[in-house]
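Please keep the sequence and the 3D view open while reading.

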Amino acid sequence: MVQKKSWFRHTRVLVGVVLVAGSAAAGWFLLSEAQRSEPYVVIAADIAKGQPVTAEVVDEVLLGGGADGIGLVRPAELTQFAEYVAVTDLVAGDVLRRSDLQRPLPTDSSRFSVEVDTGGADWLSRGTPVEVWVSPLTADQQFSVPYVAAPFARIVDVRADEGFAANPALVRVDLEVGRRDLPELVHARANGFDIQLSPVAGGP
């Protein structure tokens with residue numbers, strides 16, 4: 001009987017040690033995760049499409065370091081996007097992504113459509129700011145050195161042709177461009193110039 005009580009006593013002691021060790025390990029894990037957390041920007045009030053994202057309508061939230069690789073905006077970056085506006089309606093409570101922001105176009109902007117080869121480009125999507133490059137045809141039907149015909153435009157839609165004979169690599173891209181750049185682009189398209197797009201450096 002004495003041996004049985006001794007066995008229970010040792011078991012309780014062992015269980016107690018395991019519980020204390022487990023609690024300490026959990027505390028260390030939580031502390032470690034908290035230390036690795038970083039501040040990111042969260043929407044504090046609804047923001048309508050086209051409106052600026054200012055310090056008055058955002059707050060901060062702590063997230064794990066892994067969140068840095070999915071395009072979330074840090075508080076220190078807000079000044080970098082001071083002149084940007086919301087691509088779409090933003091809802092309070094959402095974490096702000098760089099893809100939620102875009103530079104506003106001049107009020108005198110127009111639409112222009114062009115067919116381009118996607119080339120597997122993942123940036124070829126709605127909201128992406130781009131430069132429009134054109135290459136005139138030479139006398140021997142070769143394309144000359146390209147130049148920038150529109151230094152800033154924005155993709156508003158990307159449409160692929162459907163059907164059996166459609167080329168999946170070709171898409172029609174609708175752009176918003178400044179009106180002062182429109183005549184040059186219309187001239188390039190009408191005369192068979194090669195027209196290509198390139199993402200604007202520093203865009204979200």
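**Salt bridges and overall layout**

The number of salt bridges comes to six. The model is a predicted one, and the protein chain in it holds two helices and nine strands.

**The chain as a whole**

- Read from the N terminus, the order of elements is α-β-β-β-β-β-β-β-β-α-β.
- The protein chain has 204 residues, and 29% of them are buried.
- Its accessible surface is about 12,800 Å², with 57% of that belonging to carbon and sulfur atoms.
- Of the contacts between residues at least 6 apart in sequence, 67% join residues at least 24 apart.

**Glu38 and Arg74**

- A salt bridge joins the side chains of Glu38 and Arg74, with an N to O distance of 3.5 Å.
- Glu38 belongs to strand 1 (residues 38-43) and Arg74 to the loop between strand 2 (58-63) and strand 3 (85-86), so this pair ties together parts 36 residues apart in sequence.
- Glu38 is partly exposed, its relative accessible area being 30%.
- Arg74 also counts as partly exposed, at 23% relative accessibility.

**Arg98 and Glu77**

- The side chains of Arg98 and Glu77 form a salt bridge at 2.8 Å, N to O.
- Arg98 sits in the loop between strand 3 and strand 4 (101-102), while Glu77 sits in the loop between strand 2 and strand 3, so the pair ties together parts that are 21 residues apart in sequence.
- Arg98 has a relative accessible area of 23% and is partly exposed.
- Glu77 has a relative accessibility of 15%, and because buried means under 20%, Glu77 counts as buried.

- Glu176 and Arg111 make a salt bridge in which the closest N and O atoms are 3.8 Å apart.
- This pair links distant parts of the chain, with Glu176 in strand 8 and Arg111 in strand 5, 65 residues apart.
- Arg111 is exposed, with 58% relative accessible area.
- A network of salt bridges links Arg111, Arg154 and Glu176.

- Five strands form an open sheet in the order 5-8-7-6-9, paired in the antiparallel sense.
- Strand 5 (109-117) and strand 9 (194-199) are the edge strands and have a single partner strand each, so one side of each has no neighbour in the sheet.
- On average, neighbouring strands of the sheet are turned by 45° against each other, direction ignored.
- Helix 2 (residues 182-190) packs on this sheet and touches strand 5, strand 6 (129-135), strand 7, strand 8 and strand 9.
- The direction of helix 2 makes about 30° with that of strand 5.

**Pairing inside the sheet**

- Seven bridges pair strand 7 (residues 147-160) with strand 8 (residues 170-178) in the antiparallel sense.
- Ile155 stands opposite Leu175 of strand 8, and Val158 stands opposite Val173, also in strand 8.
- Strand 6 and strand 7 are likewise antiparallel, with five bridges between them.
- Val134 has Tyr147 of strand 7 opposite.

**Ser110 in strand 5**

- Ser110 is a residue of strand 5 and is buried, with a relative accessible area of 15%.
- The side chain of Ser110 makes a polar contact of 3.4 Å with the side chain of Arg179.
- Leaving aside residues up to four places away in sequence, Ser110 touches Leu175, Glu176, Val177, Arg179 and Leu182.
- Among these, Leu175 is the residue that stands opposite Ile155, and Glu176 is part of the salt-bridge network with Arg111 and Arg154.

**Glu83 in a loop**

- Glu83 lies in the loop between strand 2 and strand 3.
- At 67% relative accessibility, Glu83 is exposed.
- Glu83 and Arg103 are 20 residues apart along the chain, and their C-alpha atoms are separated by 6.5 Å.

Terms used: Residues numbered from 1 in each chain as written. Predicted model: local features only at pLDDT ≥ 70, side-chain atom pairs only at ≥ 80, totals over all residues. Heavy atoms only, no water. Pairing = 2+ DSSP bridges. Helix = DSSP H or I, 4+ residues; strand = E, 2+ residues; numbered from the N terminus. Axes fitted to C-alpha atoms, helices over the stretch in contact; angles between N-to-C directions. Contact = heavy atoms within 4.5 Å. Buried < 20%, exposed > 50% of the residue type's maximum accessible area, 1.4 Å probe, protein only. Areas by Shrake-Rupley, 256 points an atom, 1.4 Å probe, with all protein chains shown as cover. Salt bridge = Lys/Arg side-chain N within 4 Å of Asp/Glu carboxyl O. Polar contact = N/O pair within 3.5 Å; in protein donor to acceptor, adjacent residues only side chain to side chain.
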